[in-house]
Amino acid sequence: MIQGLAVYYIAKTYKNLLHQLFSYTIYILSATYILVTPIEQVLSLPTLNWLVVLASILVFIWISIQKTEQDEHDTFKIGGSIVFSILSLIFATEVTAAGTNHLSANPQTLIMTAVWLGLSIAAFVIGSLKTFKTATYIGVGILFLTLFKLVLYDLPFIPMAIRALLFIVLGAIGLIISRLFYKKK
C-alpha cells in the first residue's frame, strides 16, 4: 500500500502516466488482498492492514487534490469520500463482528446498529463542522442504511422493550440531524 502510494506521489509530481498506471496496479492489488482477508480478532494484523488502507485512501485523495487542477478537486473529494465511507462501514462491521462473536445474536445486532449509528453521526458532524456537504450526505445515507438494517434485519432478534427504545433514539437522532441539516444560515 505504502509503496503504491509513494509511486503515485512521484508519478503525480512528475506527471508520468506510466508510473501512475504502475502505482494504480500496485495499490489495487495490495488493497484487494487486504480487503479480502477476514478480520477474526479485533487486535490483529488484518485490522492494522485495514487501518493502513483507510489512511492511505485519505492520503491518496490529498495527493490527488494537491496535484490536480482546481476543477477536478470535487471529483476526487466526492469519489474518494464515498469509497472511504463504504470501506469504513465494512471495516467497522468486520471489527464489530470480530469483537462480539462471543455474544448472542441480540447484543451483536444492537452493537452493530450502534456502531453504524456512530459512523453516521461522525460523518454528519464532520460534514457540518468542515462545511463539507458530501460528508453530510454520506452521514444521512448511513443513517438511512442503519434504519433499513434495523427494520429489515434486526427486528426479529430484538425484544419489544429494546425495539421501542431503539426507535425513540433513532427518531431523536433523525430529528436532530434534520434540524441541523435544514437550519438557516
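Helix H5 passes H6 in a left-handed crossing (the near helix is turned anticlockwise from the far one by less than a right angle). This is a predicted model, where local features need pLDDT of at least 70, side-chain atom pairs count only at pLDDT 80 or more, and totals for chains, interfaces and linings use all residues. Residues are numbered from 1 along each chain as its sequence is written, and side-chain values use heavy atoms, with hydrogens and water left out.

**The overall picture**
- The chain has seven helices and zero strands (DSSP runs, H or I of at least four residues for helices and E of at least two for strands, numbered from the N terminus).
- Its C-alpha trace spans about 60 × 45 × 20 Å along the principal axes.
- Of the 185 residues, 35% count as buried (under 20% relative accessible area, with a 1.4 Å probe and protein chains only).

**H5 and H6**
- The axes of H5 (residues 105–129) and H6 (residues 133–154) come within 6 Å and cross at roughly 165 degrees (lines fitted to C-alpha atoms over the stretch in contact, with angles from 0 to 180 degrees between N-to-C directions).
- That makes H5 roughly antiparallel to H6 (an angle over 145 degrees).

**H3 and Thr-47**
- Buried residues of H3 include Trp-50, Phe-60 and Ile-61.
- Leaving out residues up to four places away in sequence, Thr-47 touches Ile-39, Gln-41, Val-42, Phe-91 and Val-95 (heavy atoms within 4.5 Å).

Conventions:
Buried means under 20% relative accessible area, exposed over 50%, partly exposed in between (1.4 Å probe, protein chains only). Angles under 35 degrees count as roughly parallel, over 145 as roughly antiparallel, 65 to 115 as roughly perpendicular and the rest as oblique.
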